Amino acid sequence: MKTVGIIAEYNPFHTGHFYHLKKAREMSGCPFCTVVLSPDFVQRGEPAIFGKYDRAKMALLAGADLVLELPVCYAAGSAEYFSAGACALLEGIKVTDGLCFGAENETAENFQKAAAFFIHEPVSYSRLLSSLVRSGLTFPKARDKAAGSILEQTEKGSLPDSFLASPNNILGVEYAKALKRLGSSIRLLPIRREGSSYHDPFLSGFFCSATALRKEIEKEPDAGLSASLLPYIPEFCRDVWETALLTPAFSEDLCWYLYQKLLSSEDFSAYLDVSSDLNRRILRMRFSCIGKSWREILALLKTKHLTEARIRRALLHILLEIRREDMENFLSHGTVFYAKVLGFKKSAAPLLHAIKEKSRIPLITKVAAAEKLLSPLGQKMLSQDLYASHLYRSILSGKHHLPFRTEQEISPVILDS
């Protein structure tokens, strides 16, 4: 079954994502497209601005045939964890021919070269990296310079300038590393990123960044589908956007849940991404965090050696009760244990049939029936996913007065065509 895979957050979905979906089909020549989508919490260590079922529906309207949910332990993890989980899911369903991703560089060989280098990282690289960081370079710049310098001395040759200083390239290298470790035959299909840069905070150009859209929505949460947003929203998913804009979620909505954790716990060291230094800092500062905004809490905890991104993810792991031991067990016993369906097109029946025949992991369309299909580790992973979904919906219920619905009560999105 010819299928191209895409790993995405769609936080939120915009015209650049639609362009990517179209190019993925063109480049791969595959009749089917599977999207592995982050759930209600994303890699930035934040709630997704729109819920996962709204984002899944937009993906289907834009041309995806099947949308699968990335387990939250990977979705909220570092780039390495995020890639490991998503690639294992695409490999696990056994129908994926290529992985198409946006990047600043479109040469697949560069990603393969970098992946091989970092999997078998030489001692000389580690020493040079440490020296460059001590000299004052930021970690991304130091990594790019150190890897380039060491690679130049090998028969494999160097990478393009600033290759490892670009965020999408870095994620692409992690995809390549994950697929190599899996022994996967999935091809890498990088597409050059068009339009605004990944972190560009302004609505500008033909394609803007998701960052800019989130900032615009947060700035005027009651403005609806404003004139400033419209150029970046594909026409076919504007109805879904309009509905989702009535009930957005933001990082600030996590504060009350975090206060409870800070008041009730005496040790956070078991949670993923919480180092001993960060654990001590949280314990020392926790009462100062009470009553503060999310941004103020991050500012209180941030240090020269603890980046804001690391702190955001660590706090989210505390809130979602994702422990280091759980992640180690998941990674060492199969990585992913099911493929949970968020949505599909009826025309994708041949794809679903092929997955059911070939997949090494069960395809889950009904949560209530999942328990008998899963191992204890699979049940543990699913329980984390359900807790995260229920926490997200409790935010929406309290903030927007929506009726609370459990994951067991919600069916996948199904489109006729």
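Contact here means heavy atoms within 4.5 Å.

**View 1. The whole protein chain in a predicted model.** Residues are numbered from 1 along each chain as its sequence is written, and side-chain values use heavy atoms, with hydrogens and water left out. In this predicted model, local features need pLDDT of at least 70 and side-chain atom pairs count only at pLDDT 80 or more, while totals for chains, interfaces and linings use all residues. The protein chain contains 17 helices and 10 strands; these are DSSP runs numbered from the N terminus, helices being H or I of at least four residues and strands E of at least two. The C-alpha trace spans about 55 × 55 × 50 Å along its principal axes. The radius of gyration, taken over C-alpha atoms, is compared with a globule rule of 2.2 Å times the number of residues to the power 0.38. For 417 residues a compact globule would have a value near 22 Å, and the 21 Å of the protein chain agrees with this. Of contacts between residues at least 6 apart in sequence, 74% join residues at least 24 apart.

**View 2. Strands E1 and E2.** Strand E1 (residues 3–8) runs parallel to E2 and is joined to E2 by six bridges; two strands pair if DSSP finds at least two bridges between them. Ile 7 has Val 36 in E2 as its bridge partner. A residue is buried under 20% relative accessible area, exposed over 50% and partly exposed in between (1.4 Å probe, protein chains only). Six of the six residues of E2 (residues 32–37) are buried. One side of E2 carries Phe 32, Thr 34 and Val 36 and the other Cys 33, Val 35 and Leu 37, and both faces are covered. Across the protein chain, buried residues make up 56% of the 417 residues.

**View 3. The cis peptide bond at Pro 12.** The bond between Asn 11 and Pro 12 is cis, with omega about 0°. Pro 12 sits in the loop between E1 and helix H1 (15–28).

**View 4. Arg 312 and its contacts.** Arg 312 belongs to helix H14. At a relative accessible area of 9%, Arg 312 is buried. Which residues is Arg 312 in contact with, leaving aside its neighbours within four places in sequence? They are Arg 44, Gly 45, Glu 46, Trp 294 and Leu 298.

View 5. With a relative accessible area of 68%, His 401 is exposed.

**View 6. Trp 256 in helix H11.** Helix H11 (residues 255–264) holds Trp 256. Is Trp 256 buried or exposed? Trp 256 counts as exposed, at 65% relative accessibility. Between Trp 256 and Phe 32 there are 43 Å in space, C-alpha to C-alpha, and the two are 224 residues apart in sequence.
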